[in-house]
Amino acid sequence: MATVHLRIGDLVWGKLGRYPPWPGKIVSPPKDLKKPRGKKCFFVKFFGTEDHAWIKVEQLKPYHPHKEEMIKINKGKRFQQAVDAVEEFLKKGKGKEQGSHCNSDDKKSTDSKGRKAPAKPMKIIEEDDEDPFKGGSSDKELTDSDPEPSSVQRLVAGTVSGFKWESSPVKDDPHFHHFLLSQSEKPASSMETISKRLKIIEEDTGSTSIQAADSTALNGSITPTDKRIGFLGLGLMGSGVVSNLLKMGHVVTVWNRTAEKEGARLGRTPAEVVSMCDITFSCVSDPKAARDLVLGPSGVLQGIRPGKCYVEMSTIDHETVTELSQVITSRGGRFLEAPVSGSQQVSNEGMLVILAAGDRSVYEDCSSCFQAMGKTSFFLGEVGNAARMMLILNMVQGSFMATIAEGLTLAQATGQSQQTFLDILCQGQMASSFVDQKCQNILQGNFKPDYYLKHIQKDLRLAISMGDSVNHPTPMAATANEVYKRAKALDQSDNDMSAVYRAYIH
């Protein structure tokens with residue numbers, strides 16, 4: 001166990017969330033900005049940008065001892081520019097050691113003879129087997145020389161703008177979209193319904209974004225990208241995604257295939273949404289709908305121009321997503337696939353798991369959007385990989401749901417209590433919120449769709465086909481698929497996937 005002392009003026013590597021460590025300097029926060037309550041942290045100014053952030057002490061490392069390590073694992077152009085900025089800073093500082101203090105603190109830290117008094121350090125306990133820069137974290141209590149505020153002081157908009165966040169030379173760097181101060185002023189008005197908060201294409205494009213109502217929202221503090229966001233498809237998943245994008249301050253233009261979608265005013269065509277926006281997301285039901293959306297009349301392809309970004313979030317097969325990538329990039333567009341794992345409830349809560357593949361720069365540009373809609377995201381490499389992974393996940397989930405339904409009905413057929421079966425199941429190794437929720441809904445006869453049965457059957461079918469293409473057997477999925485097909489024949493398509501239970505009782 002090593003003890004590291006950090007002081008104001010030190011150069012550090014700061015890490016936030018899943019983003020790479022970035023070089024910065026510990027500075028004094030603005031006098032009217034208090035520390036977030038309950039957090040042991042330093043206020044860090046990041047090099048290569050004008051962004052600042054409160055960073056937890058366990059997410060900080062001294063700059064010089066870890067420089068070579070960080071340079072080896074981060075190769076991006078902007079990262080190198082930031083490192084160059086550190087070296088330029090050191091040159092201008094005439095070779096001062098990393099631990100030197102800011103001038104403002106020198107005035108406060110002198111003894112009776114006018115000499116500098118050592119600043120009281122903050123200890124960082126670094127566990128050798130628990131490195132936050134490699135995915136771990138530390139829950140150790142740390143000694144802070146500053147008292148914790150009794151309440152979190154929020155900044156008004158004028159105070160935030162005073163820091164000139166927008167003047168950053170790398171303001172489009174996705175690593176820093178989320179690095180702004182964690183406190184923000186609540187808007188005076190209450191949260192409005194989605195239909196009143198949407199940025200619709202018929203309206204003036206100069207309208208301002210809607211700020212997050214609560215900086216302590218489930219996803220944490222998010223600084224929305226200044227890029228214009230489009231979203232095509234407001235189904236079970238899309239509606240929740242758009243709601244969270246808006247709630248976290250993004251400006252969103254929407255379009256939906258069906259005019260009767262409640263709660264949203266609709267744009268005119270996919271092509272127009274794409275032409276107006278920098279990044280356009282789509283989330284539709286199946287490969288045909290995804291293909292028609294891009295290639296059909298007034299479709300996405302007609303609005304693509306060089307530099308436009310298109311993000312396909314639908315759960316589709318890798319052949320279709322590869323085709324869409326090719327036609328988008330042939331027009332100079334940038335493409336990312338990003339299907340999501342979750343349900344309507346998970347989407348509404350902003351806790352989706354996002355699987356992305358394709359253009360890495362688009363993935364980075366979508367940083368604040370992915371934070372708003374999900375709890376985590378994975379970048380899986382080349383186009384098609386996310387589609388494959390998503391189908392495998394849904395194949396497992398669909399097969400598992402069918403097995404649970406089979407167990408419930410077998411319990412009933414043999415005179416066992418279904419509720420007792422569920423109680424036992426939820427105390428064992430298979431216990432999960434998914435099992436509990438789905439089984440309770442079954443026992444209550446509640447099949448309101450959280451994930452459509454017809455869609456999980458589609459995913460099983462596509463997964464089986466994918467297995468066939470590589471000569472890999474999928475007998476469990478094939479059996480489950482037949483059960484879902486029977487449920488569809490019983491008119492359960494538009495019910496929740498848990499309605500597969502009815503295939504066993506009819």
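This is a predicted model: local features need pLDDT of at least 70, side-chain atom pairs count only at pLDDT 80 or more; totals for chains, interfaces and linings use all residues.
Colleague: Before we zoom in, how many helices and strands does the chain come to?

Modeller: The chain has 506 residues, and buried ones make up 48% of them. Of the contacts between residues at least 6 apart in sequence, 70% join residues at least 24 apart. As for secondary structure, the count comes to 18 helices and 15 strands.

Colleague: OK, now the open sheet with 5 strands: in what order do the strands sit?

Modeller: Strands of a sheet pair through backbone hydrogen bonds, either parallel or antiparallel. In this sheet the pairing is antiparallel, and the order reads S5-S4-S3-S2-S6.

Colleague: Which strands of that sheet stand at the edges?

Modeller: Look for strands with a single partner, since one side of each is then left without a neighbour in the sheet. That applies to 52-56 and 60-62, so the edge strands are S5 and S6. From one strand to the next, by the way, the twist averages 45 degrees.

Colleague: Which residue of S4 is the bridge partner of Lys25?

Modeller: Strand S3 covers residues 22-26 and S4 covers 41-46, and 3 bridges join the two antiparallel strands. Gly24 stands opposite Phe46 in S4. For Lys25, the partner in S4 is Lys45.

Colleague: And on the S2 side, which residue of S3 is the bridge partner of Leu11?

Modeller: S2 and S3 also pair in the antiparallel sense, here over 4 bridges. The S3 residue that partners Leu11 is Lys25.

Colleague: Which residues point the other way from Trp22, Gly24 and Ile26 in S3?

Modeller: In a regular strand the side chains alternate between the two faces of the sheet. Trp22, Gly24 and Ile26 take one side of S3, which leaves the other to Pro23 and Lys25.

Colleague: Why is S3 largely enclosed by the rest of the structure?

Modeller: A residue is called buried when its relative accessible area is under 20%. Residues pointing either way from S3 are buried. S3 is largely enclosed because the buried residues number 5 of the 5.

Colleague: Last one: what angle does helix H2 make with S3?

Modeller: Helix H2, residues 77-92, packs on the sheet. The strands touched by H2 are S2, at 11-14, and S3. Between the directions of H2 and S3, the angle is about 35 degrees.

Conventions
Residues are numbered from 1 along each chain as its sequence is written. Side-chain values use heavy atoms; hydrogens and water are left out. Two strands pair if DSSP finds at least two bridges between them. Axes are lines fitted to C-alpha atoms, for helices over the stretch in contact, and angles run from 0 to 180 degrees between N-to-C directions. Contact means heavy atoms within 4.5 Å. Buried means under 20% relative accessible area, exposed over 50%, partly exposed in between (1.4 Å probe, protein chains only).
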